[in-house]
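Dear colleague,

Please find below the structure I am handing over to you. My findings follow it.

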Amino acid sequence: MTFGYAGPHDRGEGEAGVDESTAGLGDDPLAPGWVPPEIDTTKAHPARIYDCLLGGKDHFDVDRQAAEVVIKALPGARDMVRENRAFLGRAVRHLAESGITQFLDVGTGIPGPGNTGDVARAVHPDARVVYVDYDPVVAVHSRALLAGADPALTAIVVADVRDPLSILHHPAVHEVLDFDQPIAVLMVALLHFIKPEEDAHGIVTTFRTALPPGSAVVISHGTDGGDPETSAEARKGWDNATSQFTVRDRTDITALFDGLDLIPPGVVNVPLWRPDGPAREDWAAIWFDGGVGLKR
Ligand SMILES: C[S@@+](CC[C@H](N)C(=O)[O-])C[C@H]1O[C@@H](n2cnc3c(N)ncnc32)[C@H](O)[C@@H]1O
């Protein structure tokens with residue numbers, strides 16, 4: 001896979017590394033360490049911290065330092081994000097097998113193998129997928145990943161979920177998705193980046209209201225795992241990032257599905273959501289709750 005720019009790992013940095021605080025400031029794409037000017041390498045970004053936790057290579061020193069803060073407090077964090085990704089895959093596959101062919105993936109993250117389109121198209125080769133993220137780094141990677149994709153079936157939109165109508169009214173969204181047919185909206189590991197005063201519940205309600213009957217909403221969300229002190233320590237990893245991390249409890253996460261019918265097993269720690277085999281016994285160690293709601 002070719003990306004539009006090289007992360008520090010791609011350049012084999014470390015000993016003779018490029019000063020990332022100046023990366024992107026030049027205008028020569030062939031210069032060592034060049035990154036597109038829209039990519040800020042001086043501030044940690046949730047998508048790149050997540051990539052680092054997942055063991056990816058598309059992040060910078062500042063993101064790695066943030067991930068180290070998280071892992072120091074919460075050594076199981078890598079496992080948690082892997083389980084979250086696996087939940088996303090199972091939810092998309094379940095909905096595709098239930099007949100949904102359109103997906104609006106909000107807070108996409110840096111796409112990797114097993115992304116929403118891969119999973120949906122394994123069931124419906126003509127599945128329509130729109131990827132939305134507020135982070136330009138995600139758009140750069142998504143464009144590279146989807147370079148050969150049929151534009152009638154795929155779009156990438158840079159937009160902020162805190163302005164849900166900017167997504168729902170976006171022309172590229174309507175070029176790919178038919179709002180008269182069921183759509184699955186994914187907000188997976190996204191809403192914990194919405195502060196309490198930014199009204200995550202209202203955001204989900206706006207999407208739900210715009211969706212036709214038969215549609216679905218997929219949400220996963222970080223919790224404090226019943227250990228608020230450790231959680232607070234771990235969340236310091238996002239203190240200086242472009243968005244901070246807000247945990248919500250099971251009651252608040254379940255309330256995000258108001259007006260929707262939760263499909264069994266409801267809102268659970270993500271390893272317990274329709275596992276492919278026996279769920280891991282230490283499922284409570286995965287501090288992500290997830291669920292899928294259907295609109296009648
Ligand atoms: C932890 S990643 C989750 C990626 C993917 N959904 C998954 O679960 O594997 C969160 C993503 O949400 C994006 N994000 C955070 N706040 C956002 C906002 N206000 N609007 C749109 N995207 C946002 C980040 O850029 C990042 O790519």
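In helix α1, the buried residues are Pro-46, Ala-47, Arg-48, Ile-49, Tyr-50, Asp-51, Cys-52 and Leu-53. Please note that this is a predicted model. Helix α1 spans residues 46–53 and is mostly covered, with eight of its eight residues buried. Just after α1, Gly-55 adopts a positive phi of about 85°.

**The protein as a whole**

The protein has 296 residues, and 50% of them count as buried. Its secondary structure consists of 10 helices and eight strands. Among contacts with a separation of 6 or more, 71% are accounted for by residues 24 or more positions apart. The accessible surface amounts to about 12,900 Å², and carbon and sulfur atoms contribute 53% of that area.

**The nonpolar cores**

In soluble globular proteins, nonpolar side chains tend to be buried together. Here, the largest nonpolar core contains 53 residues. The residues with the most contacts inside this core are Ile-49, Leu-95, Phe-103, Leu-186, Val-218 and Val-292. Helix α3, residues 77–97, supplies the largest share of this core, namely nine residues. Ile-49 also belongs to the buried residues of α1 described above.

Which residues does Val-292 touch, not counting those up to four places away in sequence? They are Ala-91, Leu-95, Ala-216, Val-217, Val-218, Phe-257, Asp-261, Leu-262, Ile-263 and Trp-273. Of these, Leu-95 and Val-218 are also named among the residues with the most contacts inside the core.

A second, separate core comprises 33 residues, including Leu-104, Val-130, Val-132 and Ile-219.

**The packing of α2 and α9**

Two packed helices are described by the angle between their axes and the distance between the axes. For helix α2 (residues 61–73) and helix α9 (residues 228–235), the angle is about 165° and the axes are 7 Å apart. An angle over 145 degrees counts as roughly antiparallel, and α2 and α9 are therefore roughly antiparallel to each other. Their crossing is right-handed. On the α2 side, the contact is made by Val-69, Val-70 and Ala-73, and on the α9 side by Thr-230, Glu-233 and Ala-234.

With kind regards

Definitions and conventions:
Residues are numbered from 1 along each chain as its sequence is written. This is a predicted model: local features need pLDDT of at least 70, side-chain atom pairs count only at pLDDT 80 or more; totals for chains, interfaces and linings use all residues. Side-chain values use heavy atoms; hydrogens and water are left out. Helices (H or I, at least four residues) and strands (E, at least two) are DSSP runs, numbered from the N terminus. Buried means under 20% relative accessible area, exposed over 50%, partly exposed in between (1.4 Å probe, protein chains only). Contact means heavy atoms within 4.5 Å. Accessible areas come from the Shrake-Rupley method with a 1.4 Å probe; for residues, only the protein chains shown count as cover. A nonpolar core is a set of buried Ala, Val, Leu, Ile, Met, Phe, Trp, Tyr and Cys residues joined through side-chain atoms within 4.5 Å. Axes are lines fitted to C-alpha atoms, for helices over the stretch in contact, and angles run from 0 to 180 degrees between N-to-C directions. Angles under 35 degrees count as roughly parallel, over 145 as roughly antiparallel, 65 to 115 as roughly perpendicular and the rest as oblique. A crossing is left-handed if the near helix is turned anticlockwise from the far one by less than a right angle, and right-handed if clockwise.
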